[in-house]
Amino acid sequence: MSGPLTATALPRSDLPLPCGPGLFAEQGLPELPRGRGRNRPTRSADAHACADSVRGARLRRERAWPACADLGGFDLPEVVADPQRQSLLRINDWPEWPGSLAVNPYRGCPLACPGCPVGHSDVLHAKLSAADSLREELRQPRYQVRPIQLGSAAEAYPPAERQLRLTRAILSLLNTCGHPLILVTRSPGVVRDLDLLSRLAERGLVQVMISLCSLDEARRGRWEPRAAAPAQRLAAMRLLARAGVPVGLFLAPLAADEPDDGWMALLQAARRHGASQLRVRSSVRDAQRDERIASKALELGLSQAPLTLPTEHFDPRALQIDRPAGPRQSSLF
Ligand code: SF4
């Protein structure tokens, strides 16, 4: 059953927890205790201590969510929770990463950038079973691993992600099975998931692209009025780079009226904040400007080479569902 609800009003017990088997250990947290006897829940001292520890870790993560990821002064969209299992994997039609797949845990994007090819929506559909559905798809024998782009049709870190953690659950899943990932976002909320991203980065499995269109506030306000300020996204870029996560600038949309010194300043700022990759999506094709950008990127050490992420780490056996007997782990909360 689905129905409208606001993110802040979601009852805790309805929130999907990224708590698949082994996930706690994978996140450096103690595993929850198994039920005893006839699969009855236990509330032993150990269980209480464990639950407190998990709650503590969750609180730390929620604190790590920057307020600037919450649309500034704009109203939060209505959130419609969709608990149905549904196919998530799509062929990605973004030209920047040919041959990749696309996964979107949300439908509708609250950032409402004018000119967005997806279109504006006042309603955010949250696919509550996204991680479980994706797990099933990745386990199919005929599945052939290709990099997954997360957030191709809607921002992967909308304000509701602070509580719903659908994107985080997918990152956990991809980390568990060693799946390559391209994450494109305009939100500094991505820094909450530095722990998982840095683990993916240790195996070279991730590329994060921070999307920005201009350092000029007036121009930025026209093209992406609800997105966090450029300085906040650059700060997120720096944090990612310092955590060892390959990070790049997705310069999009590059407006036809952006002067050369505007995009140059943006390239320089991104490089200073640790970006190593550059992708550009222009609103108007301009071969001469493309050449100037390529030359400036080369000078700054920003790679525009096609992205290659390894596929040999993918292990679908890690996705076996081996639920412990007894109550679902989330029932402890
Ligand atoms: S963030 Fe991306 S998907 Fe969302 S409105 Fe802006 S361009 Fe569209």
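Modeller: What follows is a set of questions about a predicted model, each label being set against its cut-off.

Biologist: Let's start with the overall picture. What makes up the protein chain in terms of helices and strands?
Modeller: The protein chain has ten helices and eleven strands. Of its 333 residues, 39% count as buried. Among its contacts with a separation of 6 or more, 83% are between residues 24 or more positions apart.

Biologist: Why is Ala 201 called buried?
Modeller: The label needs 20 or more other C-beta atoms within 10 Å. Ala 201 has 20 of them, so Ala 201 is buried.

Biologist: And where is Ala 201 found?
Modeller: Ala 201 belongs to helix α6, residues 194-202. Setting aside neighbours within four places in sequence, Ala 201 is in contact with Val 206, Gly 244, Val 245 and Pro 246.

Biologist: How far apart are the C-alpha atoms of Ala 201 and Leu 181?
Modeller: They are separated by 9.7 Å, with the two residues 20 apart along the chain.

Biologist: Thanks! Why does Ala 112 count as partly exposed?
Modeller: Buried takes 20 or more C-beta neighbours and exposed takes 12 or fewer. Ala 112 has 19 inside 10 Å, which lies in between, so Ala 112 counts as partly exposed. You will find Ala 112 in the loop between β5 (106-107) and β6 (123-127).

Biologist: What makes the phi of Ala 112 worth a mention?
Modeller: Most residues other than glycine have a negative phi. Ala 112 is not a glycine, yet has a positive phi of about 50°. Arg 165 also has a positive phi, near 55°, and sits in the loop between α4 (161-164) and α5 (166-177).

Biologist: How do you know which peptide bond is cis?
Modeller: Omega tells us: about -5° for the bond joining Ala 252 and Pro 253, a cis peptide bond. Most peptide bonds are trans. Pro 253 has its place in strand β10, residues 247-254.

Biologist: Finally, which residues are around the ligand?
Modeller: They are Cys 109, Leu 111, Ala 112, Cys 113, Cys 116, Val 118, Ala 154, Glu 155 and Arg 186.

Biologist: What classes does that shell contain?
Modeller: Seven of its residues are nonpolar, none are polar and two are charged. Cys counts as nonpolar here, while Glu and Arg count as charged.

Methods:
Residues are numbered from 1 along each chain as its sequence is written. This is a predicted model: local features need pLDDT of at least 70, side-chain atom pairs count only at pLDDT 80 or more; totals for chains, interfaces and linings use all residues. A residue is near a molecule or strand if its C-beta atom, placed from the backbone, lies within 6 Å of it. Helices (H or I, at least four residues) and strands (E, at least two) are DSSP runs, numbered from the N terminus. Two residues are in contact if their C-beta atoms, placed from the backbone, lie within 7 Å.
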